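Please keep the sequence and the structure in view while reading.

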Amino acid sequence: MPPGTPLSGLQRPGGEGARQDNMNRRTQFALTAALLAVLMAVQHSFSAEPIGSSGAEGLAVVQVLNIRGVIGPATADFVRSGVAAAREQGAPLIILAMDTPGGLAESMRTIIHSILASPVPVAAFVHPSGSRAASAGTYILYAAHIAAMAPGTNLGAATPVQIGGGLPLPGKEPQPGDEDEEAPASREPPRDAMAAKIVNDAAAYIRSLAEMRGRNAEWAERSVREGVSLAVNDALEQKVIDVVAADIPELLEKIDGRAVALGESQVTLETAGLDTSTIQPGWRIRLLSFVTNPNIAFILILVGVYGLIFEFANPGAVGPGVVGVICLLVGFYALNVLPVNHAGLGLLFFAIALMVAEAFVPSFGVLGIGGIVAFVLAATMLFKGDIPGFRLSWPVIATAAAVSGGLMIFVLGYAFRAQRRPVSTGVESLVGRPARVLEWSGGGGYVRLEGERWKAVGEADLAPQERVEVLEARGLVLVVQKKQPQLQRK
């Protein structure tokens, strides 16, 4: 080994620097393995499935699409692709088997557009028993060519919902038994002009669908303006639906021979005894349904923000930054299709900023407590409306607030204090250390420092065996000066 090439702490086998390198390598390996495991799990969980299966050769197959739970962007995409697949397979009928509490207006309208533009007749079937077609489901039922319900089901309560709960009903507050009253001849406009516009638009929309399909338009309007509901037998009696059937085979028997309007023409259904095939959502729709869950989108945003914060606090860690960017982009995509309250989103980032500031600024907990309070308020108002399935659950809010407070206040505070500690490894750690001159001539030579031979520069009058102190390190060359004697106190 040539003189002046020391084995520093970062280079010595078994030294602290080597251990740090090994730890970094193990961390990167663990992150890579974790990402591969997540990708494999996603591939397994969201593996593509056949969009449908064909029956025996030459026989038509009725395609069934199950609409379960809240209607959102994933549901709209599923219905749109299912209608396209049924058309390609030459299906004589599409059945939408529904059990939904409602959902987003934009997703509902997308589904209705797919139904109205479908070259294949569509039957909306509230099935099985115990199911419901509330709110958005009622609109879809009215838009279908055939409206059917199973025993023990209900529909209605189609009043639009906005932030802060339901819209004010026109003229009066709903009272028990209002469902049995006749529709009032005249109604006073709602006090809130925006609420009136939304209610009037929704009422006109469902009335137009009812008139198109020849169903009860008066009750349809009442379901919007007064939020009324109907049980299955009442719905059949008031001509809100066309058929009551216990299951899909019975439905196919009962609608056989019915004529439905398909565009400008009339089509007679021949469905008795036909086979059925259930269309399954593919991996893309399953993934979309997963990430557009408000709780999942909320967690993705938090993980993304925390990942970037930790990456900035520890430059070069790579892993937190990569994971943070991915989660943040996916979370923002989900927020783009969800009814987000931008004031709540801004308050969320402000809450995170307060908790980060608590880790760096001595505020005796004021910033941290304020951040946690702002965090909870932001979570409760992040998503608009009171739509079931599009609200953050309180366990998620409480857990996220506790974890966020702990991470921001304690972990980031520890990382900041660690950054302010003196350097203990590498060449920089040699500054201020004592050394002994070995050879010296004309302001340069060699010194011994902690058992190693270092090239050094400094004062010209240094002599061998003289004690010196390291001022700085210029690469692998040390700058030294005479060690100053320490004054003893008496």
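The model is predicted: local features need pLDDT of at least 70 and side-chain atom pairs count only at pLDDT 80 or more, while totals for chains, interfaces and linings use all residues. Residues are numbered from 1 along each chain as its sequence is written, and side-chain values use heavy atoms, with hydrogens and water left out. Helices (H or I, at least four residues) and strands (E, at least two) are DSSP runs, numbered from the N terminus. Two strands pair if DSSP finds at least two bridges between them.

**A three-stranded sheet**

- Three strands in the order E4-E6-E9 form an open sheet with mixed pairing.
- Strand E4 (132–134) and strand E9 (229–231) each have a single partner strand and stand at the edges, so one side of each is left without a neighbour in the sheet.
- On average, neighbouring strands of this sheet are turned by 15° against each other, direction ignored.
- Three bridges link E4 with strand E6 (residues 154–156) in the parallel sense, and Ala133 has Leu155 in E6 as its bridge partner.
- Helix H4 (residues 136–143) packs on the sheet and touches E4 and E6, its direction making about 100° with that of E4; contact means heavy atoms within 4.5 Å, and axes are lines fitted to C-alpha atoms, for helices over the stretch in contact, with angles from 0 to 180 degrees between N-to-C directions.

- Ser131 lies in the loop between strand E3 (122–126) and E4.
- Ser131 counts as buried because its relative accessibility is 2%; buried means under 20% relative accessible area, exposed over 50% and partly exposed in between, with a 1.4 Å probe and protein chains only.
- A polar atom of the Ser131 side chain is 2.7 Å from the backbone oxygen of Pro128.
- Leaving aside residues up to four places away in sequence, Ser131 touches Met98, Asp99, Val126, Gly152, Thr153 and Asn154.

**Strand E3 and its partners**

- Five of the five residues of E3 are buried, with Val122, Ala124 and Val126 on one side and Ala123 and Phe125 on the other.
- Strand E2 (residues 94–99) pairs with E3 in the parallel sense over five bridges, and Leu96 stands opposite Ala124.
- E3 also runs parallel to strand E5 (residues 146–149), joined by four bridges, and Val126 has Met149 in E5 as its bridge partner.

**Nonpolar cores**

- The largest nonpolar core has 54 residues, of which Leu96, Met98, Tyr139, Ile140, Leu155 and Ile241 touch the most other members; such a core is a set of buried Ala, Val, Leu, Ile, Met, Phe, Trp, Tyr and Cys residues joined through side-chain atoms within 4.5 Å.
- Helix H5 (residues 193–213) supplies the largest share of this core, seven residues.
- Another core, of 29 residues, lies apart from it and includes Phe310, Leu338, Val340 and Ala351.

**Two hairpins**

- Strand E14 (residues 434–441) and strand E15 (residues 444–449) run antiparallel, joined by five bridges, and Glu439 stands opposite Tyr446.
- Two residues separate E14 and E15 in their hairpin, and Gly442 in the turn has a positive phi of about 60°.
- E15 also pairs with strand E16 (residues 452–457) in the antiparallel sense over six bridges.
- The hairpin of E15 and E16 likewise has two residues between the strands, with a positive phi of about 55° at Glu450 in the turn.

Methods
A polar contact is a pair of N or O atoms within 3.5 Å; within protein, one must be able to donate a hydrogen and the other to accept it, and residues adjacent in sequence count only if both atoms are side-chain atoms.
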